Amino acid sequence: MSRKTSHAKSLQNSELTQAKTAGRKRCPITHQNILEATSELLNEIGFSNLTIEGIAARAGVGKTTIYRHWLNKASLVMDAFLAETAPQFPYPNTSSAITDIREQMKLVVKVLNSSHGNTVATLIGGSQTDAELAEAFRTRFLALRRAESKAIVKKGIEQNEIPSNIDADMLLDTLYSPLYFRLLIKHAPLTETFVDQIMDLVVNGLTPNT
């Protein structure tokens, strides 16, 4: 075989290898190991001390494997958080938007009172000094939750439970902010009774247009 032919075959084999690598799918087990390692370390040492190197070592993978799928530490942390908590935040689908919001807030309280509450507090705290984490928290968590919440507010307006001229963002901030305030400050218990008190206070102030 000539040197030219051998070189051509080597190039062909290299191209085939690159094509296979480019089309290689993410391994579910490896992906899950990375997310679990991220959550464990986040709870153990906090966001500021968390490193991609540490996550890779805990997950038993190389750093390049992580960077192949996540842009930075913040995006990985948010994916790990959402993988654990997103299924626990559903909105009920009852005949009343007010009931939907009340019951969903109680689900939030349940999550915040679990070990995930510490993670949320860590993410909020870290967001104050880390712009990437703040952006990831807003776009990957809050934006999604806010869109779902606004859909429920719209349902309430259509059913004449909520005034049509309501500022949806202001309403949702008023309802949910006290939950996170108690999570962070811990000056009073975070309970379902507290949710009922918030809802009763706010709902009594809502006078739908007639």
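## Basis of the model

The model is predicted, so local features need pLDDT of at least 70 and side-chain atom pairs count only at pLDDT 80 or more, while totals for chains, interfaces and linings use all residues. Residues are numbered from 1 along each chain as its sequence is written, and side-chain values use heavy atoms, with hydrogens and water left out.

## Overall architecture

The protein chain has 10 helices and zero strands, where helices (H or I, at least four residues) and strands (E, at least two) are DSSP runs numbered from the N terminus. Read along the sequence, the pattern is α-α-α-α-α-α-α-α-α-α.

Of the 210 residues in the protein chain, 39% are buried; buried means under 20% relative accessible area, exposed means over 50%, and partly exposed lies in between (1.4 Å probe, protein chains only). The accessible surface of the protein chain comes to about 12200 Å², with 54% of that belonging to carbon and sulfur atoms; these areas come from the Shrake-Rupley method with a 1.4 Å probe, and for residues only the protein chains shown count as cover. Among contacts between residues at least 6 apart in sequence, 64% join residues at least 24 apart, a contact being heavy atoms within 4.5 Å.

## Helix 2 and helix 3

Helix 2 (residues 28-45) and helix 3 (residues 52-59) pack at an angle of about 120°, with their axes 8 Å apart. Axes here are lines fitted to C-alpha atoms, for helices over the stretch in contact, and angles run from 0 to 180 degrees between N-to-C directions. The two helices are therefore oblique to each other, given that angles under 35 degrees count as roughly parallel, over 145 as roughly antiparallel, 65 to 115 as roughly perpendicular and the rest as oblique. Helix 2 passes helix 3 in a right-handed crossing; a crossing is right-handed if the near helix is turned clockwise from the far one by less than a right angle, and left-handed if anticlockwise.

On the helix 2 side, the contact is made by Asn33, Ile34, Ala37, Thr38, Glu40, Leu41 and Glu44, and on the helix 3 side by Gly54, Ile55, Arg58 and Ala59. By class, this contact has five nonpolar, three polar and three charged residues, where Ala, Val, Leu, Ile, Met, Phe, Trp, Tyr, Cys and Pro count as nonpolar, Asp, Glu, Lys and Arg as charged, and the others, Gly among them, as polar. Glu36, which also lies in helix 2, is partly exposed, with a relative accessible area of 38%, and its C-alpha atom is separated by 9.1 Å from that of Arg58, 22 residues apart along the chain.

## Helix 8 and helix 9

The axes of helix 8 (residues 131-158) and helix 9 (residues 168-185) come within 10 Å and cross at roughly 120°, which makes helix 8 oblique to helix 9. The contact is made by Phe141, Arg146, Ser149, Lys150 and Val153 of helix 8 together with Ala168, Asp169, Leu171, Leu172, Asp173 and Tyr180 of helix 9, and by class it has six nonpolar, one polar and four charged residues. The crossing of helix 8 past helix 9 is right-handed.

Ala168, in helix 9, is in contact with Lys150 and Val153 when its neighbours within four places in sequence are left aside. The C-alpha atoms of Ala168 and Ile152 are 9.8 Å apart in space, for a sequence separation of 16 residues.

## Helix 9 and helix 10

Helix 9 and helix 10 (residues 192-204) have axes that come within 11 Å and cross at roughly 155°, and they are therefore roughly antiparallel to each other. Their crossing is right-handed. Here Leu171, Thr174, Leu175, Pro178, Leu179 and Arg182 in helix 9 meet Phe194, Val195, Ile198, Met199 and Val202 in helix 10, a contact that by class has nine nonpolar, one polar and one charged residues.

## Individual residues

Gln104, placed in helix 6 (residues 97-112), is buried, with a relative accessible area of 2%. Not counting residues up to four places away in sequence, Gln104 touches Phe89, Pro90, Tyr91, Pro92, Arg145 and Tyr176.

Asn160 lies in the loop between helix 8 and helix 9, and its phi is near 65°, a positive value in a residue other than glycine; Asn160 is partly exposed, with a relative accessible area of 42%. Lys186, in the loop between helix 9 and helix 10, has a phi near 60°, again positive in a residue other than glycine, and at 58% relative accessibility Lys186 counts as exposed.
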